Structures are given as C-alpha cells and as structure tokens.
Amino acid sequence: MRTTRAKYGLGQVVRHRKHPFRGVVFDVDAMFSNTEEWYDAIPEESRPAKDQPFYHLLAENDHSYYVAYVSEQNLVPDDTGEPVDHPDLADLFGEFEDGHYPLQFQLN
C-alpha cells in the first residue's frame, strides 16, 4: 500500500504555478477524486497525474472568488504574506495570522 503525504496543509495560502490565482487550502484528497468529465476537460498536454494529492481551495484572482481543485504539482507556497479575501473564509477559518488561517470549525 502506497502512502501519500500532502505537501500543503489546511489553512495554508498557496498560489497556482501557471495561472494567476491564489487561495487557501480547505480540504485535501490523497489522490484525484473529482469526476472523469472534469479531468477530461483539461487539455491532454496539461493534465496532471491522478496519483498525487489534490487540493480544494477557496481561491481568488483579480476578478472573482471561487472554489478551485488543483493538483499538488501545480501549486507553490504563497510567500507574499498577504491575506486572501475570499468571502467564505470566515465560515471555516479564524483571522489570518503568521501567513496562514487557523482552522475554526468543528465537525460533528
């Protein structure tokens, strides 16, 4: 059995390696866990391997806020020290501190 270790943690601010957006990690899949339709919509030459962690992000760019699903190979740490302004952050995390967001919600 292969063990996968996620490089980024919940509340960490990351940015996309190629596209101009950044976001906060709010969930991690050990391997690809989205639909085949979603995967097939990515141009073949850009499709990431499925056997790596994939991250759910509360993402933002210069124009909008959204949820993104991104492979680990396409993320890098965001070292700007700037907070993310996504409107859903307060539902999951506390105030931005020391470059990340502390988890705030509790599962039942």
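Rings of Phe, Tyr and Trp (its six-membered ring) pair if their centres lie within 6.5 Å; planes under 30 degrees apart count as stacked, over 60 as edge-to-face and the rest as tilted. The model is predicted: local features need pLDDT of at least 70, side-chain atom pairs count only at pLDDT 80 or more, and totals for chains, interfaces and linings use all residues. Residues are numbered from 1 along each chain as its sequence is written, and side-chain values use heavy atoms, with hydrogens and water left out.

**Exercise 1. Describe the aromatic cluster and the Trp38–Tyr69 pair.**

Step 1. Search the whole structure: ten aromatic pairs turn up.

Step 2. Classify the pair. Trp38 and Tyr69 are 5.4 Å apart, centre to centre, with 80 degrees between the planes, hence edge-to-face.

Step 3. Trp38 is in helix α1 (residues 36–40) and Tyr69 in strand β4; the pair links distant parts of the chain, 31 residues apart. Helices (H or I, at least four residues) and strands (E, at least two) are DSSP runs, numbered from the N terminus.

Step 4. Check burial. Buried means under 20% relative accessible area, exposed over 50%, partly exposed in between (1.4 Å probe, protein chains only). Tyr69 counts as buried because its relative accessibility is 11%. Trp38 has 29%, so it counts as partly exposed.

Step 5. Name the cluster: Phe32, Trp38, Tyr39, Phe54 and Tyr69.

Step 6. Lys50 lies over the face of Tyr39, 4.5 Å from the ring centre. The criterion is NZ of Lys or CZ of Arg within 6 Å of the ring centre and within 35 degrees of the ring normal.

**Exercise 2. Work out the strand order of the open sheet.**

Step 1. Apply the pairing rule: DSSP must find at least two bridges between two strands.

Step 2. Read the order. Five strands run β4-β3-β2-β1-β5, with antiparallel pairing.

Step 3. Find the edges. β4 and β5 (75–77) each pair on one side only.

Step 4. Look at one pair. β1 (residues 13–16) and β2 (residues 22–29) are antiparallel over three bridges. Val14 stands opposite Gly23 in β2.
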